[in-house]
Amino acid sequence: MIRRTLAATGLISATVFAAAACSAQPAPGNMPFKRTVVADFDSPWAMAVLPDGNALVTEKDGRMRLLIIVSGNAKNSVTATMPVEGVPKTDSAGQGALMDVALAPGFARNHHVYFSGSVAGEGGKGVALWRGTLHLDAPGPRLEGVEELFRARPFVEGNGHYSGRIAFSPDGKYLFFTNGDRQKFTPAQNPKVTLGKVLRLTLDGKPARGNPLAAKGFAPEIWSYGHRNLLGIAFDGQGNLWEQEMGPKGGDEVNLITPGQNYGWPNASNGSHYDGRDIPDHKPGDGYAAPKVSWNPVISPGGLMIYSGSMFPQWKGDAFIGGLSSKSLVRVDLNGTNAAKGDQWDMGARIREVEQGPDGAIWVLEDGGESQGRLIKLTAR
């Protein structure tokens, strides 16, 4: 549909697009997939796959791009990218970026796109959440009617731990949004602020009714608390909500998020402070929900996807995480409400994002820091 729409308006042309032929790359013999480079971006952060297999991709410096598979086959596919206009200005210093992007429930009908990013404002900086309507006719891809739905509270100084990941409840009624601790530690335990929390909002960005801690005096948006830097959140096929976050020096986590739970940061962690000071490990009876899986040394998790496709039936229902400092793709074996470490494949580059394509392929985005920022499609051998 998108290819036909853009072709009809003359927007697909060599003068508008920088088109590149995809190239298949041999994977090491121990990898159970083939790798095909689809496109190259400038420090990409997240992507949302559109119903026809094209995608929206965000880049750190505040750009959103439409990726179009113009033509091709398994061996030689041609792709093109084009900027999406109408994105609000973001602040990209440090860990700041135009961050997550997600298609709304009912996207085929309403064409709504949700996205997040770091912005400057009174008191410092913080993460914001927007919604706009995607248009693909002339003069080009754009978001119209963009409105800011939510801002983290409070804004603080610094350029780290924004988080900003988005997930929708399986019934499509609620939006879950991650707010990092902004490298300030104690706000994660502060009931009055949204920093260091998982939030449950309405689709209009308002506090959802029935959030578990509002009656106890917590900010009305809070679903869970005691988090550090939450860079992935997703529901599995059974409706369980999973989240991954970066630990300090050690202690990267995968958590099963349940309403009202305290996940411990900064009072408990399976890692230590960067200056060597100890943090008490999670242990039974400490009052904090312990991670289902943790890593020490770290993997530096970026992005989280729960696989539901048929191309890799052996992994159906498992979680996939991008590894930044570990330069890896990480699989976590999910079994109901339990989790265990699975495979960890060396990708040779920092992996920022993992998504699933309509055909069941796995898409990974290189971070673009020490790597090229490529989008790579993983398919069965």
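Which residue is the bridge partner of Phe-320 in E22? The partner is Arg-331.

## Basis of the model

This is a predicted model, in which local features need pLDDT of at least 70 and side-chain atom pairs count only at pLDDT 80 or more, while totals for chains, interfaces and linings use all residues. Residues are numbered from 1 along each chain as its sequence is written, and side-chain values use heavy atoms, with hydrogens and water left out.

Strands (E) are DSSP runs of at least two residues, numbered from the N terminus. Two strands count as paired if DSSP finds at least two bridges between them.

E22 is joined to E23 by seven bridges, and the two strands run antiparallel. Val-332 has Lys-341 of E23 as its bridge partner. The hairpin of E22 and E23 has two residues between the strands, and Gly-336 there takes a positive phi near 65°. E22 is mostly covered, with six of its eight residues buried. Buried means under 20% relative accessible area, exposed means over 50%, and partly exposed lies in between (1.4 Å probe, protein chains only).

## Salt bridges around Arg-63

The structure holds 20 salt bridges, each defined as a side-chain nitrogen of Lys or Arg within 4 Å of a carboxyl oxygen of Asp or Glu. One of them joins the side chains of Asp-42 and Arg-63, at 2.9 Å from N to O. Asp-42 lies in the loop between strand E3 (33-40) and E4, and Arg-63 in the loop between strand E5 (55-59) and strand E6 (64-71), so the pair ties together parts that are 21 residues apart in sequence. Asp-42 counts as partly exposed at 41% relative accessibility, and Arg-63 is also partly exposed, with a relative accessible area of 29%.

Arg-63 also meets Glu-59 in a salt bridge, at 2.7 Å from N to O. Glu-59 is buried, at 1% relative accessibility. The C-alpha atoms of Arg-63 and Ala-97 are separated by 9.1 Å, although the two residues are 34 residues apart along the chain.

Asp-367 forms a salt bridge with Arg-350, with the closest N and O atoms 2.9 Å apart. This pair links distant parts of the chain, 17 residues apart: Asp-367 is in the loop between strand E25 (362-366) and strand E26 (374-380), and Arg-350 is in the loop between strand E23 (338-346) and E24. Asp-367 counts as buried at 10% relative accessibility.

## The largest pocket

A pocket is an open set of points on a 1 Å grid over the protein atoms alone, where a 1.4 Å probe fits, with protein on both sides within 12 Å along at least five of seven lines; lining residues have an atom within 4 Å of a point. The largest pocket has about 910 Å³ of space, a volume being the space filled by probe spheres set on the points, which are joined across faces, edges and corners.

The lining has 38 residues, of which Phe-168, Ala-234, Phe-235, Ile-306 and Glu-355 lie nearest the centre of the pocket. Seven strands each supply at least two lining residues, namely E4 (44-49), E8 (98-103), E12 (163-168), E16 (229-235), E20 (301-306), E22 (328-335) and E24 (351-356). The largest share, five residues, comes from E16. By class, the lining has 21 nonpolar, 11 polar and six charged residues. Here Ala, Val, Leu, Ile, Met, Phe, Trp, Tyr, Cys and Pro count as nonpolar, Asp, Glu, Lys and Arg as charged, and the others, Gly among them, as polar.

Note on methods
Helix = DSSP H or I, 4+ residues; strand = E, 2+ residues; numbered from the N terminus.
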